[in-house]
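The sequence and the model are shown first.

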Amino acid sequence: MEKTFVNALVDASRHVIESMTGTAPDAKPPVKAREDGPSTYAAATLGMTGALAASVSVCFSKDAIYQLHRAVLPDEGEVTFSSIGDLVGEIAGMICSATRTILAAQGLQYESSLPMVTLGDRQHIHSPSGTKTLCIPFLFEDSPFFIEVTFPG
């Protein structure tokens with residue numbers, strides 16, 4: 001069940017970013033997340049419940065979110081914390097919505113919460129002990145972003 005969920009999340013992420021920018025990000029195989037894993041500049045976290053419960057965090061390096069911002073909003077001018085926060089929340093919401101659609105086509109029903117967005121240098125996503133967390137690395141035009149998905153232990 002976890003593999004089905006992760007595969008849907010990868011497919012949804014690639015589709016959403018490509019739809020928004022015209023460029024599909026490269027996805028790397030999921031790896032077990034480490035406590036000292038990658039830091040992030042902008043992240044949105046959502047809970048998903050259904051056939052399986054999961055927490056999904058969509059996380060961007062500063063370079064990646066700025067490149068996405070320029071690709072999605074080329075005429076906006078100055079990049080602000082507010083516009084980055086809105087963009088990260090929208091992307092995460094769209095990825096989770098697309099994931100739910102993919103899973104629904106397989107007969108699996110899910111709901112998701114609203115995204116909680118955090119911004120700032122050197123953030124780390126921490127998952128509670130006893131949970132299983134996978135990190136799915138992506139590369140968008142040479143800039144990294146990743147999705148961490150946490151399942152109950």
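Glu-141 is partly exposed, because its relative accessibility is 44% (buried means under 20% relative accessible area, exposed over 50%, and partly exposed in between, with a 1.4 Å probe and protein chains only). Glu-141 sits in the loop between strand E7 (132-140) and strand E8 (143-151). Its phi is near 45 degrees, a positive value in a residue other than glycine. Asp-142 is in the loop between E7 and E8 as well, and its phi, also positive in a residue other than glycine, is near 70 degrees. With a relative accessible area of 72%, Asp-142 is exposed.

The model is predicted: local features need pLDDT of at least 70, side-chain atom pairs count only at pLDDT 80 or more, and totals for chains, interfaces and linings use all residues. Residues are numbered from 1 along each chain as its sequence is written, and side-chain values use heavy atoms, with hydrogens and water left out.

**Secondary structure and overall form**

The chain has 3 helices and 8 strands; helices (H or I, at least four residues) and strands (E, at least two) are DSSP runs, numbered from the N terminus. Read from the N terminus on, the order of elements is α-β-β-β-β-α-α-β-β-β-β. For 153 residues, a compact globule would have a radius of gyration near 15 Å, and the value of 15 Å for the chain agrees with this. That radius is taken over C-alpha atoms, and the globule rule is 2.2 Å times the number of residues to the power 0.38. The C-alpha trace spans about 45 × 35 × 25 Å along its principal axes.

Of the 153 residues in the chain, 42% are buried. Among contacts with a separation of 6 or more, 70% join residues 24 or more positions apart, where contact means heavy atoms within 4.5 Å. The accessible surface of the chain comes to about 7,800 Å², and carbon and sulfur atoms hold 51% of that area; these areas come from the Shrake-Rupley method with a 1.4 Å probe, and for residues only the protein chains shown count as cover.

There are 10 positive and 17 negative side chains, and the centres of the two sets lie 9 Å apart. Lys and Arg count as positive and Asp and Glu as negative, while His and the chain ends are not counted. The place of a charge is taken as NZ of Lys, CZ of Arg, CG of Asp or CD of Glu.

Ser-13 lies in helix H1 (residues 2-21) and is buried at 0% relative accessibility. Leaving aside residues up to four places away in sequence, Ser-13 touches Pro-25, Ile-95, Phe-138 and Ile-147. Val-16 is also in helix H1 and is buried, with a relative accessible area of 4%. With the same exclusion of residues up to four places away in sequence, Val-16 touches Ile-91, Met-94, Ile-95 and Ala-98. The C-alpha atoms of Val-16 and Ser-97 are 9.8 Å apart, although 81 residues separate them along the chain.

Gly-22 is in the loop between H1 and strand E1 (26-27) and is exposed at 59% relative accessibility. Gly-22 and Asp-11 are 11 residues apart in sequence, and their C-alpha atoms are 15 Å apart in space.

**Aromatic pairs**

The whole structure contains 6 aromatic pairs. Rings of Phe, Tyr and Trp (its six-membered ring) pair if their centres lie within 6.5 Å; planes under 30 degrees apart count as stacked, over 60 as edge-to-face and the rest as tilted. Two of the pairs are listed here.

| Pair | Centre distance | Plane angle | Class |
|---|---|---|---|
| Tyr-41 and Tyr-66 | 6.5 Å | 55 degrees | tilted |
| Phe-138 and Phe-145 | 4.8 Å | 5 degrees | stacked |

Tyr-41 belongs to strand E3 (residues 40-50) and Tyr-66 to helix H2 (residues 62-72), so their pair ties together parts that are 25 residues apart in sequence. Tyr-41 is buried, with a relative accessible area of 6%, whereas Tyr-66 is partly exposed at 23%.

In the other pair, Phe-138 is buried, with a relative accessible area of 2%, and Phe-145 is buried at 1%. Elsewhere, Phe-5, Tyr-110 and Phe-151 form one aromatic cluster.
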